[in-house]
Amino acid sequence: MYVVIVLLVFILQLQPKIYLLLCFLFRKMVHLSFQKKTILAPMVRVGTLPMRLLALDYGADIVYTEELVDKKMLQCKRVVNDILHTVDFVSPTERIIFQTCEREHHHVVFQMGTSDAERALAVAKQIENDVAGIDINMGCPKEYSTKGGMGAALLSCPEKIETILSTLVRAISKPITCKIRILPTLEETINLVKRIEKTGVAAIAVHGRKKEERPQHPVHCDVIKAIAQAVSIPVISNGGSQEFIREFQDIHEFCNVTGTSSVMIARAAMWNPSVFRSTGVLPLENVMRDYIAYAVRYDNHYTNTKYCLCQMMRDHLESSLGKRLQAAQSTQEICEIFEMIAFFKKIRNEQETKKAELECAGLVNTMPVEGWSEEDQNIIQIPIRFDKREYSSQLTPKMLLLEWCRMEKLPQPVYQTVQRSTDKFFRSVLNVNEKQYGSTLWDKSKKLAEQSAAIVCLRTLGLPEGKISDIDLMQKRKRKLPLQIADKTYLPKEEQNKKCAEWPGNVTPQRDEKE
Ligand SMILES: Cc1cc2nc3c(=O)[nH]c(=O)nc-3n(C[C@H](O)[C@H](O)[C@H](O)COP(=O)(O)O)c2cc1C
């Protein structure tokens with residue numbers, strides 16, 4: 001194809017405009033096609049990386065992500081995880097909002113919740129190179145989506161639909177699609193899809209129900225068929241789970257009645273993702289183990305893993321296996337329940353080894369350690385962890401710091417703590433005298449994280465940290481807290497001496513600040 005283009009350009013005497021036009025056409029042509037495809041539908045909480053990879057393994061051609069809201073994505077940082085070999089979009093609270101990997105690169109369509117063309121474009125630019133396509137959700141009737149003007153609320157604003165879609169089509173190199181529900185009348189629906197087609201989208205997915213209809217209502221195959229006849233772009237039929245689709249062979253029948261060549265499956269895939277296997281569904285037990293294997297490999301949060309497994313076990317949640325699954329509190333426990341603990345340990349060991357290798361080479365790039373925000377660069381950080389055995393409960397680093405602030409007539413320290421989604425650990429940054437301090441290490445609780453941050457601050461300022469060993473020493477010598485206990489590398493000698501002179505010998509604060 002490239003040769004043909006080069007020849008054409010040569011023949012046309014290198015007219016730049018023609019050259020660019022051909023490149024543009026070529027670029028769009030090599031992209032994902034939506035003809036004759038079986039597709040994993042977007043599903044909140046279900047459509048995370050393990051489910052998408054599993055659906056691809058079983059035979060899905062394209063996998064849609066769960067709906068991800070533009071505003072949330074805009075707060076995220078893109079982080080390459082060299083241990084898991086993923087690209088993660090991580091929120092300021094260190095939650096992974098969107099995770100993807102090479103295996104799905106040419107198959108994954110990112111579904112966005114948006115009501116604003118500018119925001120949609122900003123998100124599309126952010127993820128453009130990591131996905132195969134971008135979809136706009138126009139079908140979600142849930143209040144959390146519609147109240148922001150997103151999802152099904154867009155269906156009554158055709159101008160807004162046109163602006164969002166045409167903005168994306170113009171500026172984004174990957175195919176743009178949208179997923180709609182049908183409108184109250186066939187005429188309105190056809191008018192809308194024709195307007196959508198004109199924006200240049202690559203395909204339209206149609207959930208054949210009206211926005212007030214629930215999954216138990218019959219799907220309107222005749223309306224999907226009429227849409228497919230009215231437009232020339234691919235129409236992806238959706239809404240057939242249970243009523244039509246229980247296994248792969250049923251997909252053909254749904255395509256027939258809807259007059260489409262592509263189909264998108266949600267619930268049937270959520271219940272058993274092996275619905276995409278052309279040779280028939282697998283027993284759920286095998287499927288669940290395949291799912292867990294991906295969840296372990298990609299360090300999926302255990303609550304999400306549990307949720308997806310519970311959807312698969314839907315009729316058996318009261319069994320002893322189901323009850324144990326519901327009670328599980330970690331990925332390791334889930335693996336124990338499914339007798340996959342040896343696998344869990346093997347993968348975790350491999351990940352630890354890889355991490356150690358990268359650390360040795362100074363190449364660790366897993367989480368945005370400096371990833372709070374742009375301001376994080378200004379945080380004074382030391383790798384310190386508060387060990388409560390080393391401190392008296394009457395004289396903690398936080399108390400000492402508070403006391404020092406009072407003495408200095410400074411506003412009391414303000415602690416800001418975030419929790420990491422992967423292991424639920426905490427990290428705290430405190431603000432004193434317009435400077436920020438925090439440990440680079442993560443702690444098991446908010447209180448511990450705050451104490452660690454307080455130590456960083458005390459040490460940086462060259463102030464005593466209140467360790468029991470230091471207090472004992474002080475009492476033995478019957479003199480003020482020695483400043484040698486502070487790490488002198490953080491403060492010049494003269495300053496340390498000055499601080500020492502100012503420091504009250506027997507600090508006995510009445511109480512810790514409210515925790
Ligand atoms: C758990 C769950 C989550 C869903 N989340 C989304 C979503 O994020 N975006 C969307 O467009 N539709 C969402 N849907 C709707 C499905 O994509 C699909 O349109 C609907 O379930 C009908 O298809 P089915 O008959 O194959 O289930 C969700 C459905 C389910 C069951």
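Reader: At what angle do the axes of helix H12 (residues 284–297) and helix H13 (residues 302–312) cross, and within what distance do they come?

Author: This is a predicted model, in which local features need pLDDT of at least 70 and side-chain atom pairs count only at pLDDT 80 or more, while totals for chains, interfaces and linings use all residues. Residues are numbered from 1 along each chain as its sequence is written.

Two packed helices are described by the angle between their axes and the distance between the axes. The axes of H12 and H13 cross at roughly 170 degrees and come within 11 Å. Helices here are DSSP runs (H or I, at least four residues), numbered from the N terminus. Axes are lines fitted to C-alpha atoms, for helices over the stretch in contact, with angles from 0 to 180 degrees between N-to-C directions. H12 and H13 are therefore roughly antiparallel to each other, a term for angles over 145 degrees.

On the H12 side the contact is made by Leu 284, Val 287, Met 288, Tyr 291, Ile 292 and Ala 295, and on the H13 side by Thr 305, Cys 308, Leu 309 and Met 312. Contact means C-beta atoms, placed from the backbone, within 7 Å. By class, the residues of this contact are 9 nonpolar, 1 polar and no charged. Ala, Val, Leu, Ile, Met, Phe, Trp, Tyr, Cys and Pro count as nonpolar, Asp, Glu, Lys and Arg as charged, and the others, Gly among them, as polar.

Elsewhere, helix H3 (residues 49–58) has 8 of its 10 residues buried, so H3 is largely enclosed by the rest of the structure. A residue is buried if 20 or more other C-beta atoms lie within 10 Å of its own, exposed if 12 or fewer, and partly exposed in between. The buried residues of H3 include Leu 49, Arg 52 and Tyr 58. Gly 59 follows H3 and has a positive phi, near 130 degrees.

Ala 122, in helix H5 (residues 117–127), is partly exposed, with 14 other C-beta atoms within 10 Å. Ala 122 and Met 73 are 49 residues apart in sequence, and 9.4 Å apart in space, C-alpha to C-alpha.

The ligand is surrounded by 22 residues, with Ala 41, Glu 67, Ser 241, Ala 266 and Arg 267 the closest; the criterion is a C-beta atom within 6 Å. Helix H11 (residues 267–271) gives the most to this shell, with 3 residues. The shell has 10 nonpolar, 8 polar and 4 charged residues.

Technical notes. Helix = DSSP H or I, 4+ residues; strand = E, 2+ residues; numbered from the N terminus. Parallel < 35°, antiparallel > 145°, perpendicular 65-115°, else oblique. Contact = placed C-beta atoms within 7 Å.
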